[in-house]
Amino acid sequence: MNHTPFPPEPWHLRGTMHMAVWRIPAAELPEWPLPPGVRPLTLGRHGCVVTFWVDYLPGGTLAYRELLVAQAVRHRRTVAATAVAAWVDSERSQAGGRTLWGIPKQLAVFDFPDPEPSAGVHGPFQLYDDTGSGRPAVTGRHRTRFRLPGRWFLPGRLVQPGPDGTPREVPLRLTASVSIGTASLTAAPDSPLSFLNGRRPLLALTADGFRFTVGCRPSARRSTP
């Protein structure tokens with residue numbers, strides 16, 4: 001019998017995901033800790049950050065809501081991402097993300113309104129911290145402009161700190177209907193995401209009806225020097 005407080009990897013998830021890619025001056029990015037041998041990806045004097053508002057629905061390994069922030073990085077000779085901040089409303093997701101993959105998940109309260117498909121409006125998504133202020137710490141909005149034909153396969157890779165100090169690779173495999181649109185994000189002044197206030201993302205995507213696999217079987221897990 002499995003007595004762990006979270007499911008073993010891989011996790012097979014489903015739901016809706018809203019992604020935004022942000023180009024930020026490198027000098028204005030927070031100095032997030034990265035695994036050894038991993039360095040920020042820079043284009044000129046700018047770095048890249050991706051935000052994900054995700055509604056993981058019943059029918060997958062777990063159902064929960066999440067705001068995840070990933071920094072684009074270089075690992076060896078390839079481009080990857082490191083999850084540098086994440087908030088979820090599930091203790092099992094928090095424990096599993098931290099233990100299995102080194103993702104620094106924190107608990108939070110979310111408000112995800114029902115979408116308005118006819119208007120292409122998604123949001124406002126709101127994240128509430130534990131300060132008791134009653135005001136959202138982060139608010140996000142996405143608007144769909146047009147849908148791309150077919151379903152898309154979007155592979156990816158996280159490089160996270162492993163328990164022994166070496167980088168741990170986390171494979172990601174997502175299949176979804178994809179729409180292109182616009183996005184905005186507003187954070188409280190004391191939020192770690194306040195550096196995004198007043199900015200427009202380079203790209204905003206919505207992945208509808210996704211099937212998302214995170215991680216791999218333990219026998220195939222890789223830690224890299």
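Let's start with the overall build: a compact globule of 225 residues would have a radius of gyration near 17 Å, and this protein has 17 Å, so the two agree. Keep in mind as you look around that this is a predicted model. Along its principal axes, the C-alpha trace spans about 45 × 45 × 45 Å.

What is the protein built from? It has one helix and 14 strands. Now think about which parts of the chain meet. Take the contacts between residues at least 6 apart in sequence: 65% of them join residues at least 24 apart.

Now let's zoom in on one residue, Arg 157. You'll find Arg 157 in strand S11, which covers residues 152–161. Is Arg 157 buried or exposed? Its relative accessible area is 18%, and buried means under 20%, so Arg 157 counts as buried.

So who does Arg 157 meet there? Its side chain makes a polar contact of 3.1 Å with the side chain of His 75. Another polar contact, this one 3.3 Å, links the side chains of Arg 157 and Glu 169. Leaving out residues up to four places away in sequence, Arg 157 also touches others, including Arg 76, Thr 78, Val 79, Val 170 and Leu 172.

Arg 76, one of the residues that Arg 157 touches, deserves a stop of its own. Arg 76 sits in the loop between strand S5 (64–75) and strand S6 (78–88). Its phi is near 60°, which is a positive value in a residue other than glycine.

One joins Glu 9 and Pro 10, with omega at about 0°. Pro 10 lies in the segment before strand S1 (11–25). The other cis bond runs from Gly 123 to Pro 124, and here omega is near 5°. Pro 124 belongs to strand S9, made of residues 121–128.

Terms used: Residues are numbered from 1 along each chain as its sequence is written. This is a predicted model: local features need pLDDT of at least 70, side-chain atom pairs count only at pLDDT 80 or more; totals for chains, interfaces and linings use all residues. Side-chain values use heavy atoms; hydrogens and water are left out. Helices (H or I, at least four residues) and strands (E, at least two) are DSSP runs, numbered from the N terminus. Buried means under 20% relative accessible area, exposed over 50%, partly exposed in between (1.4 Å probe, protein chains only). A polar contact is a pair of N or O atoms within 3.5 Å; within protein, one must be able to donate a hydrogen and the other to accept it, and residues adjacent in sequence count only if both atoms are side-chain atoms. Contact means heavy atoms within 4.5 Å. The radius of gyration is taken over C-alpha atoms; the globule rule is 2.2 Å times the number of residues to the power 0.38.
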